[in-house]
Amino acid sequence: MPTHVLQSVLPGLLQQVPTTLLYWFVPSAIALLLGTLLCIVRVGQHRVLYWACTVFISFFRGTPGIVQIYIIFFGLPKLFWAVHVDIDGWPAGAYFIIATSLNLSCFVCEVLKGGYLGVDHGQIEAGKSIGFGRFQNFFRVIAPQTLQISILNLKNLEIDVLKDTSVAYTIGAMEILGYANRVISNQFGVGQLWILGVAAIIYFILCALLELGFTAASHHMERHGRRS
Amino acid sequence: MDLDYDFMISDLPTVLAGLPKTLILTFWSMLFAIAMAVVFGGLILSRVPILKQSVIIINTFIKGVPLTVQLLFCYYAVPYVAKGCNGFLGYQYNPRHIPYFAAAVFALAANFGAYITDVVVSSMRAVDRGQYEAADAVGMNKFQGITHLIIPQAAVISIPSMTNYFIWLLKGTALASIVNVVEMLTTAKISAADGYQYLEAYIDAAVIYWAVCAGIEFMMGRFEHHIGFFMRQPESRVRPISS
Amino acid sequence: MSTQKASTNGIVITLHDIHKTFGEHEILKGISLEVHQGEVLAILGSSGSGKTTLLRCINALEIPASGTVSIDGQKIDYSQKHSRQDVLHLRRKTAMVFQSYNLFRNKTALQNVMEGLHVVQKKSRDEARQEARKALADVGLSEFEDRYPVQLSGGQQQRVSIARALALKPSVILFDEPTSALDPELVSDVNEAITAVAKTGVTMIIVTHEIGFARRVASQVVFVDQGRILERGTPEEVIDHPKEPRVQAFISKLSYK
């Protein structure tokens, strides 16, 4: 085992972990917000908004992520240029985050919608019966219960987001896999399988941590008893 | 916005020509993924001690590593593997035609096979217990019961999930463009290189992917409607809440 | 929140010509009703008669197609445009006890009762806790205040639900078949709690098919059939000496003293 290769590569790979986590966290936060908004439209009655969202969601779920990233990467500057804004200085990671946020929000929306449809309507009516207004009912009854039902599906989504950060290097945003690739090409392909193996293990550990975290959160939420 | 609309229209057939390659890649990967899932799923369901745990460990590892990493790994590994297979079953190793396509199929099949294993297992488990008893009652032995009754029903139960994963797999083939495999995204990239019309080419590709995926989902809905009727549970006679 | 303040002639609730349609079926075909301060009104009827829909129209869980609902001075005419705020104000004069209890699953019994007091009536945490404790004591569940609904029996959950409604001191408490979902041996506990509530003088409207219980606790009885009120009067009048043949048939089929 070429330990010297690994010794020189491992610190560098680990240094990329914060960036990877950033590329995971920021889209997740944005998508949670945006996904909730989309979900509200999708379970609501407004005709035009509903169809606009349906098209939006259908696009992001029906096209490969890497194509979306490319389109945002090449297209966003042109879009801004059309309104006379120059975003040439933006780092590649920004495009990745934007593309991932838009993409993820569609999946979050569908997961939340499923969760919302599973909320026992009696709970919502109980909230109404004690006089909750719409916002109060939403924040105190609907949202917590939707989250509880959806959390395992959200867990799977989030693990996918973490793994998909490895696509960022294709537009030049450096993270774990990008760094591994750079090392490999610098070394003319010596030890590339080992390097990729180490990178794989790092991703695996991160995913395992996510899995444990979400499962713990799920158990915590269900400590009052599973619904039905 | 400054888009070369003429190019977008003229490039469409060019990019479309890459679609069959994408579909072929998807089909082969799905085939091997299902094969792997059936074998692994069977081992899990059979509850053979060490094998079942090993399969679960392997799948857990596969599911925890990004597809890109797996594709790149296979990409770098395949020259060695191909060299090692030289002479095996008449295969002649040719350093000028390294089988990157096969490498991509392997990576995709392994990745999706790990997920589809869960579908196989849960579909088999979802078949109503009463069916096994019915098979016994008619005098079938275990093997006959499983092959004639259980597996067909499990297969139908699994259709929605399988179609979902098929669509995921189709989208995943786009990543194969990173590892020297010619499929639709690569074709789009190549067609754009001359005039730097990347955005237009990618939009074309996106539209085609979108149409194909939406089409598959639509067909799946209709198909399930026809085939799935016998899988519906009998409507239970629920008393309406007295008003 | 106004408690038992009624209008000058003692009428707390007025329903006038309520109509409600579900899809193609008109469930309520013009119901008019008056409930006085401190009255316990029992609504009887067979399934499909519209009695639960009627109850839910009072606190706007169902929105009538037309007609007016007036509770303790707050009035909505559903034939005209009405705002969400109007509905909210009307609803806040009521409290409901559901057939399936509908306690908040992620809160203890005490928290369930406190919720409305603290969040809606804006009382301080301590004040809410005190009042909640008293309400739970009134239904005999003080030792269970830290239990979660999943740890309580159906009867206990329903009593917490009653406490939750009581604590809000509404102008009227609505009961939607409060014992229908309970095992028979738990029914009497809940009926006892409801009787205790009635003794406090709160205005109550109960939809029930327990004729015996209605006979004991109600001061006015109304029989709903196919979306209309067929007969109304005191329990003695409607239950003991029904005039309408349909009511007679209903009572005789279900009566068990």
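How much area is buried between chain A and chain B, and what share of it do carbon and sulfur atoms give? About 3100 Å² is buried there, with carbon and sulfur atoms giving 76%. Buried area here is the accessible area (1.4 Å probe) that two parts lose on being put together, summed over both.

Before we go on: this is a predicted model, where local features need pLDDT of at least 70, side-chain atom pairs count only at pLDDT 80 or more, and totals for chains, interfaces and linings use all residues. Residues are numbered from 1 along each chain as its sequence is written, chains are lettered from A in the order in which they are written, and side-chain values use heavy atoms, with hydrogens and water left out.

Now look at where the chains meet. Chain A puts 33 residues in contact (heavy atoms within 4.5 Å) with 32 residues of chain B. There is one salt bridge between the two chains (a side-chain nitrogen of Lys or Arg within 4 Å of a carboxyl oxygen of Asp or Glu). To find a salt bridge, go to Lys78(A) and Glu200(B), whose side chains meet at 3.8 Å, N to O.

Next, zoom in on chain B, which is divided into domain 1 (1-18 + 183-227) and domain 2 (25-165); these bounds come from an automatic or database domain assignment. Six residues from domain 1 of chain B and five from domain 2 of chain B make the contact. Their centres, taken over C-alpha atoms, are 29 Å apart. Together the two domains of chain B bury about 440 Å², 89% of it on carbon and sulfur atoms. Across this interface, the rule finds zero salt bridges.
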